[in-house]
Amino acid sequence: YGVFSSTRYPWPGIELDKKQRDFVPLVPQGREDEFAKAEADRRQEQSRLDNEVQRLKEAVQKAKGEKDDDRKRALEDQLKQAEHRAQELRSRPPLIETAYAVAEAKSRGDAAIQLKGDPNRLGDVVPRHFPAVLGGDVLPDNCEESGRRELAEWLVSPENPLPARVMMNRIWQHHFGRGFVTTPNDFGHQGRRPSHPELLDWLATTFREEGWSIKAMHRRVLLSRTYQQSTMRSKRAVELDPANELLAGTLQRRLDAEEIRDTLLLLGGNLELARPGPHPFPDQGTWGFTQHKPFKAVYDSNHRSVYLMTQRIQRHPFLAIFDGADPSTSTGARMTTTTPIQALYLLNDPFVHEQAQRVAERVLWSGSSTADRVQFAFELIFSRPARPEEIATAADFVQEATVLLKAQGVPTEEVDGAVWRAYVRSLFRLNEFVYLD
């Protein structure tokens, strides 16, 4: 508590004070004083202009009872010009990019216990330290900062194995659908014991030794024999380990919401792999968001879902359908639900229709026969060849859909496209599309 009470937080605004402030300027090292002076000069100029506006408003109000119309008009013109200058300066972007982040508070030091949680009844002052139950440590006597730097260094110190173990458990859970510890937010006595403690410790140690590289650990897991197994297990393995805790075969899991969206974009050939720029937020000077009128927006994008804007008060509409994480709380493991809305989305949503059209165009170009097209569709969408019975079923679908569309008056030149779009959407709705085997 002492560490974070010595920390300054950005002011997000409230109902009666909608102006955000105390964002952290991203100043190049060594130029802090230069930018601080420039900001101070700007605030001083803004104050001068605002005072001039207020002075002219009072003068205009006072002149209303006078008979000199020319003087009234002159004052009104001066007021408009002053208001324009003040607003123009206020609407200028910051001198340097800022971040909604924490910084050192002006007053830093140890905190006192609040008796029964009452900030007006203070008890003993407690030296800033880290949780004793995790080994603990106190700040050096000469520490004049908040202690956040020391806290971060303690978290990744060789004497603290927990962060590396927790992170490797999350990485393993991401790829297998279940971690070594099935309570990823609780490694304490009330949590579950790890299924493979030695492997978890080895991976955590390797993670640290390789410089905390998450990418390297993803690669290590994906190249492992364990990950490359099928979900099909021998009868003996099922008898000995019904829950498959020992991983005689990989665990079947559904793609998460982000993976489903990225897969649809990839199949349609319009997934943008480059890193996107900033979101097109409204100008900060126009923000007037409050508790009752919060900021809400959805920005269309063909970039990977990891770059979608995340709002703390509202989930992205697509991610919400497929059990995306609740952005307002810590989500150790996502739920996996099966709902009619998911099936209806994959059949009816305009985004799915657009991607199905793009895939159908690729299928039509792949060959002239139904068998060739079905084979291409299966290899593209499911990464396997189509079985004979699947080709036969597809041929029946194409024939019946063609007859139906012609009976509905669809122009002959548009029938093929409509048939294969419908067929692709039917493949999108299969379990095989959203489950990894």
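## A salt-bridge network

Arg-384, Arg-387, Glu-389, Glu-390 and Glu-432 are joined to one another in a network of salt bridges. The model is a predicted one.

Arg-387 is partly exposed, at 41% relative accessibility. Glu-390 has 15% relative accessibility and counts as buried because the cut-off for that class is under 20%.

## A pair within helix H2

Side chains of opposite charge can pair when their charged atoms come close. Glu-45 and Arg-48 form a salt bridge through their side chains, with an N to O distance of 2.8 Å. Both belong to helix H2, which covers residues 32-63; because they are three residues apart there, about one helical turn separates them.

Glu-45 has a relative accessible area of 31% and is partly exposed. Arg-48 is also partly exposed, with a relative accessibility of 45%.

## A pair between helices H2 and H3

Asp-50 and Arg-90 meet through their side chains in a salt bridge of 2.6 Å, N to O. Asp-50 lies in helix H2 and Arg-90 in helix H3 (residues 69-90), so this contact ties together parts that are 40 residues apart in sequence.

Asp-50 is partly exposed, its relative accessible area being 30%. For Arg-90 the relative accessible area is 33%, and this residue is partly exposed as well.

## Total

How many salt bridges does a search of the whole structure find? The search finds 22, including the Glu-45 to Arg-48 pair and the Asp-50 to Arg-90 pair.

Notes: Residues are numbered from 1 along each chain as its sequence is written. This is a predicted model: local features need pLDDT of at least 70, side-chain atom pairs count only at pLDDT 80 or more; totals for chains, interfaces and linings use all residues. Side-chain values use heavy atoms; hydrogens and water are left out. A salt bridge is a side-chain nitrogen of Lys or Arg within 4 Å of a carboxyl oxygen of Asp or Glu. Helices (H or I, at least four residues) and strands (E, at least two) are DSSP runs, numbered from the N terminus. Buried means under 20% relative accessible area, exposed over 50%, partly exposed in between (1.4 Å probe, protein chains only).
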